[in-house]
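Subject: Handover of a structure and the findings on it

Dear colleague,

Please find the sequence and the structure below.

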Amino acid sequence: MFEKLVIFDYSGTLSLDAVRFAEGDNLTGELEQSGLVGLGIADPETFWEEIVNPTWEEGSSTAIGYREVIFRRIKEVFFPAVSDEEIRLSAARFVDSYLAHSPIDDRWHSILQKLSGDPSVVTVIATDHYAEATDYIVGFLKEMGIGTISLKEVSGATVSPGFVVANSADMGAYKVDPAFWEMVRTGLKLGAIKSVLIVDDFGINEEAGDSYRN
């Protein structure tokens, strides 16, 4: 039975590269390399104002995924004279690059591995994110030798392994909502928890153009 709950935010906390990906020069290069520039997303300002901010709520609170909201938004706003397949490929290249470049910072590794070896601790990676992020986060932790599952896969009275990813896109609620934490509490059977530690940047590391930091 778990006695301690440790909660980590992901982007901007465990993964600093996740927010660095969106920095001006890097983001401009990624838009170019993915092919999104040729579809109308020519600069970071357009990316934030026309793609991310208008679609964030749907993209991060449903299973639709980042690739699909980019595809739909490009079709709605820019009307590119190319096939749907080409739009989808460019969106997929961008999203896959973003998530692949969002690993856990090396400086956290020893701490996370120590937590994973303590049977009294359950560690939750709590993130407001797109649906595709869950598998990437689980994968990054498994590369470190830390067995991890998503909250939606949890069943039974106990959680084994003791690392769980709680993603808003999987849960239909954000971390600011009590419903998010109620699902964590009931899903992980946390009635015996005696202490809680939360580590979160509260959006301060997000790029200025991202409305989520507000």
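In what follows, a residue is called buried under 20% relative accessible area, exposed over 50% and partly exposed in between, with a 1.4 Å probe and protein chains only. The model is a predicted one, in which local features need pLDDT of at least 70 and side-chain atom pairs count only at pLDDT 80 or more, while totals for chains, interfaces and linings use all residues. Residues are numbered from 1 along each chain as its sequence is written, and side-chain values use heavy atoms, with hydrogens and water left out.

Phenylalanine 79 has a phi near 45°, a positive value in a residue other than glycine. Its place is in the loop between helix 4 and helix 5; helices (H or I, at least four residues) and strands (E, at least two) are DSSP runs, numbered from the N terminus. Phenylalanine 79 counts as exposed because its relative accessibility is 63%. Lysine 189, likewise not a glycine, has a positive phi of about 50°. This lysine lies in the loop between helix 9 and strand 5 (195-199) and, at 43% relative accessibility, counts as partly exposed.

Five strands form an open sheet in the order 3-4-2-1-5, with parallel pairing; two strands pair if DSSP finds at least two bridges between them. Strand 3 and strand 5 each have a single partner strand and stand at the edges, so one side of each is left without a neighbour in the sheet. From one strand to the next, the twist averages 20°. Strand 1 and strand 2 (residues 121-127) run parallel and are joined by 5 bridges, and leucine 5 has valine 122 in strand 2 as its bridge partner. Helix 9 lies across strand 1, strand 2 and strand 4, at about 150° to strand 2. Such angles run from 0 to 180 degrees between N-to-C directions, the axes being lines fitted to C-alpha atoms, for helices over the stretch in contact.

The nonpolar cores

A nonpolar core is a set of buried Ala, Val, Leu, Ile, Met, Phe, Trp, Tyr and Cys residues joined through side-chain atoms within 4.5 Å. The largest one here has 43 residues, and Phe47, Tyr66, Ile70, Phe94, Leu112 and Leu141 have the most contacts inside it. Helix 5 (residues 84-100) supplies the largest share of this core, 6 residues. Apart from it lies another core of 17 residues, including Leu5, Val122, Val124 and Met171.

Which residues does phenylalanine 94 touch? Not counting residues up to four places away in sequence, phenylalanine 94 touches Phe21, Leu27, Glu30, Leu31, Ser34, Leu36, Phe47, Tyr66 and Ile70, where contact means heavy atoms within 4.5 Å.

Helix 4

Helix 4 (residues 66-77) has 12 residues and spans 16 Å from its first C-alpha to its last, close to the 16 Å expected at 1.5 Å a residue; the expected span is 1.5 Å times one less than the number of residues. Its buried residues are Tyr66, Glu68, Val69, Ile70, Phe71, Arg73 and Ile74, and they pack against helix 3 (44-61) and helix 5.

Salt bridges

A salt bridge is a side-chain nitrogen of Lys or Arg within 4 Å of a carboxyl oxygen of Asp or Glu. The structure holds 14 of them. In one, lysine 175 and aspartate 9 meet at 3.0 Å, N to O. Lysine 175 lies in the loop between helix 8 (168-171) and helix 9 (178-187), and aspartate 9 in the loop between strand 1 (4-8) and helix 1, so the pair ties together parts that are 166 residues apart in sequence. Both lysine 175 and aspartate 9 are buried.

Within helix 4, arginine 73 and glutamate 76 are 3 residues apart, which means that about one helical turn separates them. Their salt bridge has its closest N and O atoms 3.9 Å apart. Arginine 73 is buried at 18% relative accessibility, whereas glutamate 76 is exposed at 52%. Finally, Glu58, Glu68, Arg72 and Arg88 are linked in a network of salt bridges.

Yours sincerely
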